Amino acid sequence: MRPLRPIFLASFFFSVHVALLSYLNSTVLALHTSGLQITLAYTLSSALSLVFLIGAGNIVRKTGSSKFLVGTLVLCMLLLLALGTIAAHTWFVLVFILYFSLNTVIWYGFDLVIEHYSREAVTGNIRGIYLTLNNAGWVMAPMAASLIATTIGFSGTYIAAALAVCFSAILIKTTAKIPLPTHLPKISFSDSFRAINAHLHARRIVVLYFSIQFFFAWMVLYMIPYLTSLGFGLGMIGIILSVMLLPFVLFQYAVGKIADRFHNERTIITIGFGITAAATMLLALPFAPHAAIFAGILFLTRVGASFIEVGCESSFFKEVTEKDTALISTLRMTLPLAYIIAPLLGAIILWLGSMQILFITLSILMFGAMFYALRLKN
C-alpha cells in the first residue's frame with residue numbers, strides 16, 4: 001500500500017481540478033459559443049478521447065506508465081493555463097476540446113499505475129480508497145469554484161485548476177518508476193472490442209459502467225441549468241452540489257471493504273442502481289424550489305452512484321491485470337462514449353419535451369441497468 005500513497009494523493013489533486021471545472025465548463029463555453037456548438041464541442045472532444053485512448057497503449061509500451069502519466073499531466077496543465085488566459089472565442093473552444101479529451105487518457109494512466117501495485121485480495125479496498133480520495137475533491141470543489149468564479153472570475157478558476165494538476169504531476173514524478181511494459185500489446189479498436197467480447201463478465205461491467213457514466217454526463221450537462229431555471233443562485237448551487245457529492249466520501253471506502261470481505265459486488269451494484277433510479281425519478285416531480293429538498297434528492301442519487309462506482313471497479317479490476325490494457329482502455333472509453341451520446345440524446349429530448357421528461361428517461365435507463373446487473377456473478 002505504501003507505494004500507492006503518493007499516487008492516491010496525485011489522483012486527489014487531479015480530481016480536484018476536474019471537479020473545479022466540471023460544473024462550470026458549460027457555463028464558460030456558453031460565453032464563447034451557442035448551445036448547439038457546446039454540444040458539438042463535448043461530442044468532438046469525447047470522440048478525440050477515444051482516438052487518444054487507442055494510441056495511449058503504444059506510448060505506454062515505449063515510455064512506461066509513470067512517464068506517460070507525468071507527460072499527460074504536464075500537457076493538461078499547459079492547456080489549462082491557456083484556457084485561463086485566452087480571450088479569443090474560437091481559440092478557447094479549440095483548446096477546450098483538446099483539454100477535455102485528455103482527461104480520460106489521464107485516468108487511464110492512473111489505472112495502469114495503481115493496478116501495478118494492486119493485489120486481488122484487497123482490490124475493493126484499494127479502489128474504495130482511490131475513489132473516496134478522488135471524490136473528496138468533488139465535495140469541496142463546487143463551493144470553491146463558485147467562490148473563485150465570483151471573486152476572481154472564470155479565468156482564475158482555470159489557473160487554480162492548473163496548479164492542482166501541477167501538484168499531481170510533481171507527486172507522480174517523485175514516485176518509483178515502473179519498468180517499461182514491453183509485454184503490452186498494441187491496441188486498436190478491433191483489439192479492444194475483441195478483448196471485451198471474449199470476456200463476458202468484463203463486458204457486463206463495461207455496460208453497467210457506461211450506464212453510470214451516462215448518468216454523470218447528463219447531470220453535469222443539465223443539472224446546473226435546471227437549478228438555475230428554478231431560481232437558485234451560483235452560491236447556493238455550489239452548496240447543493242457539495243451536499244450532493246458527500247456520499248462518495250461517506251460510503252465508498254466502507255463499500256470497498258465490504259466487497260472484499262463478502263465478494264458481493266453484484267448486490268452492491270444492483271442496490272446502487274435501484275437507489276439512483278428512484279431518486280432520479282423524484283427530480284421530475286413538481287417540488288417547491290427549496291435548496292434542502294433538491295440537495296436531499298441529489299444526495300440520494302449519489303448514494304446509489306457511489307455504490308455502483310465501487311462495485312463496478314472492484315469487480316472489474318479483480319478480473320484484470322495491468323497487462324490487460326485493451327480491457328482497461330475499453331472501460332475508460334465509457335466516459336467519452338457517454339459524453340458523445342448524452343448531449344445528442346439530451347438535445348433531442350429537450351427539443352421534443354422538457355427537463356422533467358429528461359429525468360424520467362434517465363430514471364428508466366437506471367432501472368434497466370439495475371435489472372441488467374442481476375446477470376453479474378459475485
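**Patch, rings and charges**

Student: Which helices each supply at least two residues of the nonpolar patch?
Tutor: Helices are DSSP runs (H or I, at least four residues; strands are E, at least two) and are numbered from the N terminus. In this predicted model, the helices that each give at least two residues to the nonpolar patch are H4 (65-85) and H7 (154-173).

Student: What is the mean pLDDT of the protein chain?
Tutor: As this is a predicted model, local features need pLDDT of at least 70 and side-chain atom pairs count only at pLDDT 80 or more, while totals for chains, interfaces and linings use all residues. Residues are numbered from 1 along each chain as its sequence is written, and side-chain values use heavy atoms, with hydrogens and water left out. The pLDDT is the predictor's confidence in each residue, from 0 to 100. In the protein chain, 89% of the residues reach 70 or more, and the mean is 85.

Student: Which element has the highest mean pLDDT?
Tutor: The lowest mean among the elements of the protein chain, 70, belongs to helix H8 (residues 189-197). The highest, 97, belongs to residues 265-282, which form helix H12.

Student: What is the area of the nonpolar surface patch?
Tutor: A patch is made of residues with over 30% relative accessible area and no salt bridge; like charges are joined within 9 Å, and nonpolar side chains (Val, Leu, Ile, Met, Phe, Trp, Tyr) within 5 Å. Accessible areas come from the Shrake-Rupley method with a 1.4 Å probe, and for residues only the protein chains shown count as cover. The patch is made by Val-74, Leu-78, Leu-81, Ile-159, Leu-163, Phe-167 and Ile-170, of which H7 gives the largest share, four residues. Its area is about 590 Å².

Student: Is Phe-167 buried, partly exposed or exposed?
Tutor: Phe-167 is found in helix H7. Buried means under 20% relative accessible area, exposed over 50%, and partly exposed in between (1.4 Å probe, protein chains only). Because its relative accessibility is 44%, Phe-167 counts as partly exposed.

Student: How many aromatic pairs does a search of the whole structure find?
Tutor: Rings of Phe, Tyr and Trp (its six-membered ring) pair if their centres lie within 6.5 Å; planes under 30 degrees apart count as stacked, over 60 as edge-to-face and the rest as tilted. Applied to the whole structure, the search gives a count of aromatic pairs of 25.

Student: Why is the pair of Phe-8 and Tyr-130 counted as it is, and what is it called?
Tutor: The ring centres of Phe-8 and Tyr-130 are 6.3 Å apart and the planes meet at 35°, so the pair is tilted. Because Phe-8 lies in helix H1 (residues 4-22) and Tyr-130 in helix H6 (residues 123-151), the pair ties together parts 122 residues apart in sequence. Phe-8, at 5% relative accessibility, is buried, and Tyr-130, with a relative accessible area of 2%, is buried as well. The name for this pair is tilted.

Student: Which helix holds both Phe-214 and Trp-218?
Tutor: The rings of Phe-214 and Trp-218 have centres 4.8 Å apart and planes at 50°, so this pair is tilted. Both residues are buried. They are four residues apart, about one turn of the helix, and the helix (residues 200-229) is H9.

Student: How far apart are the closest N and O atoms of Arg-332 and Asp-111?
Tutor: Side chains of opposite charge can pair when their charged atoms come close. A salt bridge is a side-chain nitrogen of Lys or Arg within 4 Å of a carboxyl oxygen of Asp or Glu, and by this rule the count comes to four. Arg-332 is buried at 9% relative accessibility, and Asp-111 is buried at 0%. They form a salt bridge in which the closest N and O atoms are separated by 2.2 Å.

Student: Which residues are linked with Arg-332 in a network of salt bridges?
Tutor: The side chain of Arg-332 also meets that of Glu-313 in a salt bridge (3.2 Å, N to O). This pair links helix H13, with Glu-313, to helix H14, with Arg-332, across 19 residues. The residues joined with Arg-332 in the network are Asp-111 and Glu-313.

Student: What distance separates the C-alpha atoms of Ala-326 and Leu-53?
Tutor: Ala-326 lies in helix H14 (residues 325-352) and is buried because its relative accessible area is 12%. Although Ala-326 and Leu-53 are 273 residues apart along the chain, their C-alpha atoms are separated by 9.6 Å.
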